[in-house]
Amino acid sequence: MEEYSITVNGKKLDVQALPDMPLLWVLRDLLSMKGTKFGCGQALCGACTVHLDGQAVRSCSLPISEVGDGKITTIEGLSEKGDHPLQEAWVEHIVPQCGYCQGGQIMTAAALLATNPKPSEEEIERAMEGNLCRCGTYNRIKEAIQTASRNL
Amino acid sequence: MKNFIPFLKNKNPEDQSKIFVPSRRDFLKISSLATGGFLLGVNFQCAGPKGEPITFAPNVYISLSSDNEVILVAHRSEMGTGIRTSLPMIMADELGADWKKVKIIQAEGDEDKYGNQNTDGSFSVRMFYEPMRKAGATARQMLINAAANKWGVDPSECTTENSQVLLNGSSKKVDFGGLVEALQTMELPDPATIKLKELSEYKFIGTDVPIYDAKAIVSGQATFGADVDLPNMQIAVIARSPVVGAKILSYDDAAALAIPGVSQVIKIEGAGIPPGLDKPLEGLAVLASNTWAAKKGREALVIEWDLGPNQSYSSAAQLQEMAKSTLKNGKVSRERGNFNSAKSSATKVLDRTYLAPYYAHATMEPPAVIADYRGDGSVEIWAPTQHPQWARGAVAGALGLELPKVKVNVTLLGGGFGRKSKPDFVVEAALLSKAAKAPVRVQWTREDDIHHDFYHSHSAQRIVATLDSSKKLTGWNHHTVFPAIGATGNAAELHPSSGELELGCRDFPYDVPNIRIETHESAAHTRIGWLRSVSNIHHAFAIHTMMDEIAEARGLDPVENALDLFGEDKNLTFEGELEGDFGNYGEKLEDFPWNTGRMKKVIQDVAAKSNWKAHKDAGKAVGFAAHKSFLTYVACVVIVEKDANGQLSIPEVHYSVDCGVGVNTDRIKSQFEGGAQFATSLAMTSAITFENGQVVQNNFDSYQIIRMPQSPKKIHVHILPSTEKPTGVGEPPVPPYIPALANAVYKLTGKRIYELPFKV
């Protein structure tokens with residue numbers, strides 16, 4: 001077990017973990033932050049997406065030992081009141097069905113809009129390709145990203 | 001046998017529902033729902049099967065608080081269909097509630113209290129539309145009576161709106177909350193005096209109502225199966241039998257126990273063969289303080305397995321045998337006319353074989369569940385379950401407990417599609433919590449989910465269709481063979497049940513004079529379950545791609561062909577043709593007739609809305625199919641094209657649907673949008689295969705589901721206006737989509753599709 005000090009949603013937090021423990025389980029099991037979801041453990045589905053210094057990363061495949069000083073943002077910390085333009089657009093378009101993958105979808109979309117505020121349809125599709133949705137909400141996700149992009 | 005499949009329930013609570021004010025004792029038992037408020041119960045089962053009275057048992061509640069909150073209990077599981085919103089919304093609409101002041105509480109699993117909670121078979125709205133309306137209307141009448149009393153006016157002069165009672169033609173109004181005290185001493189109105197609203201009076205029903213949980217979901221605050229934390233909870237990751245029926249001979253857990261965080265290793269005894277629908281597989285569980293340590297612990301286990309009789313099983317070999325068996329005479333399940341004579345006088349015979357693979361559910365949330373077995377011999381569960389009552393019963397059975405000792409809380413489900421009906425994973429957690437003397441979360445990995453599912457059965461079908469010299473379709477002989485769901489509980493079940501055959505096969509609706517439906521034997525070598533629309537998936541694929549060939553052979557447009565083959569508008573009964581009775585998804589034909597006129601209307605509608613006849617754009621092709629399932633009429637048009645790289649894309653899909661009264665139209669649309677995506681995966685990307693008794697695929701790299709770039713782009717859902725009884729929409733989008741897509745691909749490429757999944 002090693003000691004790590006990480007920054008999550010602006011807070012410095014100390015945890016004890018095996019160096020290879022993925023950030024996902026640090027968040028969920030050690031810090032009891034349940035917004036980030038486990039989907040595949042292999043960076044194949046995107047349910048666990050968080051931001052590391054503003055970049056979308058799959059927390060299931062990022063060992064705690066590699067987080068370093070990087071600033072982590074999770075879905076709980078994307079906005080203070082759940083009112084990020086994407087979160088509002090997601091509600092407006094009633095995107096979620098079961099909802100399980102949506103936190104990860106929103107985090108990937110937020111990283112996209114941060115670097116490319118006016119993405120084309122094809123750019124949205126490319127950016128979102130790594131996020132699976134079994135309920136099939138892809139079209140509403142796309143529409144919500146386009147709405148948020150207009151409202152930025 | 002007909003109703004052995006749990007989702008085909010005959011129970012129709014509509015006739016039995018009774019509304020009541022709970023006694024003071026019951027009120028106190030559930031007073032956490034409505035402290036100091038007013039409570040209204042709906043009893044769905046006030047009489048037993050023979051009409052005998054059963055124990056008084058409150059179930060679905062409306063409660064009103066003095067601070068003007070309306071609290072509604074959702075008793076069905078939310079797995080993405082929107083049911084947690086749509087049923088309470090019906091009550092709220094009758095009540096005249098302000099939706100913004102409605103709070104929804106999820107019911108625990110308790111059949112006595114809540115009636116049927118098996119969220120499956122697309123029947124929640126169908127089954128509970130009337131009871132929910134009656135409950136809301138009764139509460140409305142009581143509020144109106146209370147206000148009328150207070151004002152000294154006749155109740156008929158009052159209405160409700162936005163959680164207030166209004167006196168017509170005056171400015172007098174009172175909040176629901178202001179009437180709560182008066183309600184507490186009030187008698188229930190005579191049920192005969194309760195008037196339900198007309199469709200035109202509804203404010204929510206028939207509109208797009210946003211789901212109740214949207215804000216919680218998008219801010220990461222919603223609670224799913226793995227999201228409950230208990231003090232001192234252990235996390236279990238389980239090494240399960242790699243082959244169904246395998247048993248542990250010996251194991252060495254020393255390396256696992258040496259991993260920091262791992263606390264113990266516990267064996268779970270499996271059911272063997274048959275594996276059962278509600279039992280765990282044999283396994284060795286590693287318990288640890290966190291998921292990662294448990295997972296590493298599992299990797300460090302050394303287990304010697306007796307793999308048992310399924311160790312040589314190859315799905316490819318079985319599928320070949322199944323296909324071969326369709327060349328022989330089978331067990332006849334439906335017979336009309338004389339197919340053999342139709343064949344001998346035919347001028348054209350189409351004889352085709354269709355293959356479809358096993359599918360895994362692959363819910364985005366793999367099974368995860370929390371159990372807390374306590375010193376007093378009770379156990380509390382938090383589970384993403386579609387069927388909390390089955391989970392409760394299975395846990396009670398496995399632990400030898402009385403039912404009241406088991407409490408099952410239902411979390412949100414990160415997808416269900418039939419997987420989370422089965423309580424095997426819930427039983428695992430309960431057994432482990434008891435053995436470990438600690439709360440336990442069982443966490444399935446994605447690999448566990450792909451390797452140990454209750455799979456949609458692979459299938460071989462052969463359809464022989466005969467045409468006479470006037471190009472009339474004279475004969476239809478459908479052979480279907482697939483390991484049955486029933487075999488998971490009884491290895492002697494070698495034929496599909498009539499229930500499975502009525503999922504799109506022997507309920508073949510076309511007006512053909514000679515029909516024979518046959519089944520053949522096939523044994524189960526894995527756990528077979530039900531997946532969104534169940535046997536309709538493979539049956540609709542085979543039937544409606546064959547219909548496209550028939551249309552071509554008849555020189556007819558596929559839409560014209562289908563309309564022609566439905567003939568005159570009529571109600572189908574299948575009388576005198578079936579072995580056994582017609583199940584009609586557990587409903588009486590008087591209540592839910594099979595009406596060909598309604599089917600023809602959705603076909604005409606989809607043809608018009610999709611501009612079916614005008615699709616002649618270069619590089620594009622259109623396909624059509626229509627299929628009724630779960631009592632909902634659906635027609636589908638899929639448009640395909642090849643992009644610059646030769647990749648198939650699906651720019652447009654049209655659905656026309658008649659599901660009776662459309663309750664929450666946004667959730668109807670979303671089920672169809674999602675259904676098209678789900679079915680695209682089944683058609684083109686997903687397949688489970690077995691070698692040496694083991695599943696070959698591991699994760700989303702090898703069991704693929706479609707991603708955004710490959711998904712159908714514009715999905716138009718046309719809901720036909722209707723005043724008929726509402727029917728469900730969770731499953732009906734899937735069956736017609738796959739053949740519509742396959743027929744479009746044929747038009748584009750000239751190659752017929754006979755096997756799923758197909759590549760272009």
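**Two chains, question by question**

Biologist: Where is B:P757 found?
Modeller: Residues are numbered from 1 along each chain as its sequence is written, while chains are lettered from A and ligands numbered from 1 in the order in which they are written. Helices (H or I, at least four residues) and strands (E, at least two) are DSSP runs, numbered from the N terminus. On that numbering, B:P757 sits in the segment after α19 (734–749) of chain B.

Biologist: Which residue does a cis peptide bond join to B:P757?
Modeller: Most residues other than glycine have a negative phi, and most peptide bonds are trans. Here omega is about -10°, and the cis bond joins B:P757 to B:L756.

Biologist: Where is the place of B:P274?
Modeller: A cis peptide bond joins B:P274 to B:I273, with omega about 0°. B:P274 is in the loop between β11 (262–268) and β12 (283–288) of chain B.

Biologist: How many other C-beta atoms lie within 10 Å of B:S163?
Modeller: B:S163 has a positive phi of about 60°, although it is not a glycine. This serine lies in the loop between β6 (158–161) and β7 (164–167) of chain B. A residue is buried if 20 or more other C-beta atoms lie within 10 Å of its own, exposed if 12 or fewer, and partly exposed in between; C-beta atoms are placed from the backbone. B:S163 is buried, because the number of other C-beta atoms within 10 Å is 22.

Biologist: Why does B:F417 count as buried?
Modeller: B:F417 is in the loop between β18 (406–410) and α12 (424–436) of chain B. Phi of B:F417 is near 55°, a positive value in a residue other than glycine. B:F417 counts as buried because its C-beta neighbours inside 10 Å number 29.

Biologist: How far apart in space are B:Q184 and B:P739?
Modeller: B:Q184 is in helix α5 (residues 180–184) of chain B. It is partly exposed, with 15 other C-beta atoms within 10 Å. B:Q184 and B:P739 are 555 residues apart in sequence; C-alpha to C-alpha, the separation in space is 57 Å.

Biologist: How many residues of strand β26 (residues 632–642) of chain B are buried?
Modeller: Two strands pair if DSSP finds at least two bridges between them. β26(B) pairs in the antiparallel sense with β25 (residues 620–629) of chain B over 10 bridges, and with β27 (residues 648–658) of chain B over nine bridges. The strand is largely enclosed by the rest of the structure, because of its 11 residues the buried ones number nine.

Biologist: Which residue takes a positive phi in the hairpin of β26(B) and β27(B)?
Modeller: Across this pair, B:C636 stands opposite B:Y655 in β27(B). The hairpin has five residues between the strands, and the residue with phi near 80° is B:G646.

Biologist: And which residue takes a positive phi in the hairpin of β25(B) and β26(B)?
Modeller: On this side, B:V622 stands opposite B:I639 in β26(B). The hairpin has two residues between the strands, and the residue with phi near 50° is B:F630.

Biologist: How many residues does the contact take from chain B?
Modeller: Two residues are in contact if their C-beta atoms, placed from the backbone, lie within 7 Å. Chain A gives 45 residues, and the count from chain B is 48.

Biologist: Which elements of chain A give two or more residues to the side that touches chain B?
Modeller: The residues of that side divide into 24 nonpolar, 15 polar and six charged. Ala, Val, Leu, Ile, Met, Phe, Trp, Tyr, Cys and Pro count as nonpolar, Asp, Glu, Lys and Arg as charged, and the others, Gly among them, as polar. The elements are α1 (23–30), α2 (85–92), α3 (102–115), α4 (121–128) and α5 (138–151) of chain A.

Biologist: What element of chain B is included in what covers the buried residues of α3(A)?
Modeller: 11 of the 14 residues of α3(A) are buried, so the helix is largely enclosed by the rest of the structure. The cover from chain A includes β3 (49–52), β4 (55–58), α2, α4 and α5. From chain B it includes α6 (214–218).

Biologist: How many contacts beyond four places in sequence does the model have for residues 27–35 of chain B?
Modeller: The mean pLDDT of chain B is 92, and 92% of its residues reach 70 or more. Where pLDDT is low, the predicted coordinates should not be read in detail. Over residues 27–35 of chain B pLDDT stays under 50, and the number of such contacts is 10.

Conventions
This is a predicted model: local features need pLDDT of at least 70, side-chain atom pairs count only at pLDDT 80 or more; totals for chains, interfaces and linings use all residues. pLDDT is the predictor's confidence in each residue, from 0 to 100.
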